[in-house]
Amino acid sequence: MKVTNKLHLPTSIAQAVMNDPYTRGASDISCTTLIGPARKRVLEQMNFDNLEVDVADRIWSLYGQIVHGILERADLKNDKIVTERRLFIDRHGWRLSGQFDRLILANSTTLQDYKFTSVWTAKELKPEHEAQQNIYRLMLREHGYPVDTLQVVCILRDWSKIQARLRGPDSYPPKAVVILDVPVWDYEKTEDYIYQRLKLHGEAQHTLPECDAEERWESDTVWKVKKKGNKTAAKGHAKHKTETEAQDAALELKASTGKEHIVEFFQGESKRCQDYCEASAFCEQYQKTKPALGL
């Protein structure tokens, strides 16, 4: 993989990005990769020598490493806390590895995963984070640590004290940290999930599957109706599927409120393909969808 620095960021930052110490250890697949798209993994493996990534696109990852380093340091003298431990289990001919963030050993053992993320992302728990935490729980049980409670701790990189004051706690986090409780799966469900994901990744090495809309982080093409002068869509009018439907809604709102309403077009996009898949340049599926998505 070629790492570039097209924006000429300071050498110290570029080197910090390039010297990422991450490794999945002596395993066939990591937990993070397991829950990710099989097509993405295979394409990145096939084209690794031709992949190109710029250090500017890895800055958020660097911030995340800084946060994890500080948190690990915070618990050095606490024998009731275990941090940043990589575990391994063998399943269905694969060796799976995963590194959890923070395990609190108490009467009720809690596993916490820290995410350096945005306010928008922290509004609800992502399915992949739920799966990840439950896989770590299974791994910990196999290593002698039964876990009772799962949490995702979101550190909000774009949190604003002004927005918190203006919008209130019902629509905006009051603090820059949000804790999301994670549903605890029974172990049978977790084992079945691992089996299905390994089966998919194994088959992808022979027959490449397409990524679905959820894996592509695909947003819909929509028309929004707004009161003239407002920045946000009118309540219930943020996702009209056709322009005609939106124009009709704008006329109805004008008739009922006496206020002028306008229609704005928002082009759908595949966010992961566009910004977060290093193999997108080699992906026929993405290249075919680019014109349709206006990318």
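This is a predicted model: local features need pLDDT of at least 70, side-chain atom pairs count only at pLDDT 80 or more; totals for chains, interfaces and linings use all residues.
User: Which side chain of opposite charge is nearest to Glu 130?

Analyst: Glu 130 sits in helix 5, which covers residues 127-142. Glu 130 is buried yet has no salt bridge. A salt bridge would need a side-chain nitrogen of Lys or Arg within 4 Å of a carboxyl oxygen, and the nearest side chain of opposite charge is 4.8 Å away, that of Lys 189.

User: Which residues is Glu 130 in contact with, leaving aside neighbours within four places in sequence?

Analyst: Contact here means heavy atoms within 4.5 Å. With the neighbours within four places set aside, the partners of Glu 130 are Leu 125, Val 182, Pro 183 and Trp 185.

User: Is Val 3 buried, partly exposed or exposed?

Analyst: Val 3 belongs to strand 1, residues 2-4. Together with Met 1, Met 18 and Phe 48, Val 3 makes a nonpolar surface patch of about 330 Å². Buried means under 20% relative accessible area and exposed means over 50%. Because its relative accessible area is 35%, Val 3 counts as partly exposed.

User: How many of the nine residues of helix 3 are buried?

Analyst: Helix 3 runs over residues 38-46 and is mostly covered. Its buried residues include Arg 39, Lys 40, Arg 41 and Glu 44, and also Ala 38, Val 42 and Leu 43.

User: How far apart in space are Ser 108 and Arg 39?

Analyst: Ser 108 is partly exposed, as its relative accessible area is 38%. Along the sequence, Ser 108 and Arg 39 are 69 residues apart. In space, C-alpha to C-alpha, the distance between them is 39 Å.

User: Which residues does Ser 108 touch, not counting those up to four places away in sequence?

Analyst: Touching again rests on heavy atoms within 4.5 Å. Once residues up to four places away are left out, Ser 108 touches Asp 148 and Thr 149.

User: What share of contacts between residues at least 6 apart in sequence joins residues at least 24 apart?

Analyst: Let's look at the whole protein, which has 10 helices and 10 strands. Of its 295 residues, 40% count as buried. Among contacts between residues at least 6 apart in sequence, the share joining residues at least 24 apart is 70%.

Methods:
Residues are numbered from 1 along each chain as its sequence is written. Side-chain values use heavy atoms; hydrogens and water are left out. Helices (H or I, at least four residues) and strands (E, at least two) are DSSP runs, numbered from the N terminus. Buried means under 20% relative accessible area, exposed over 50%, partly exposed in between (1.4 Å probe, protein chains only). Patches are made of residues with over 30% relative accessible area and no salt bridge: like charges are joined within 9 Å, nonpolar side chains (Val, Leu, Ile, Met, Phe, Trp, Tyr) within 5 Å. Accessible areas come from the Shrake-Rupley method with a 1.4 Å probe; for residues, only the protein chains shown count as cover. Lys and Arg count as positive and Asp and Glu as negative; His and the chain ends are not counted.
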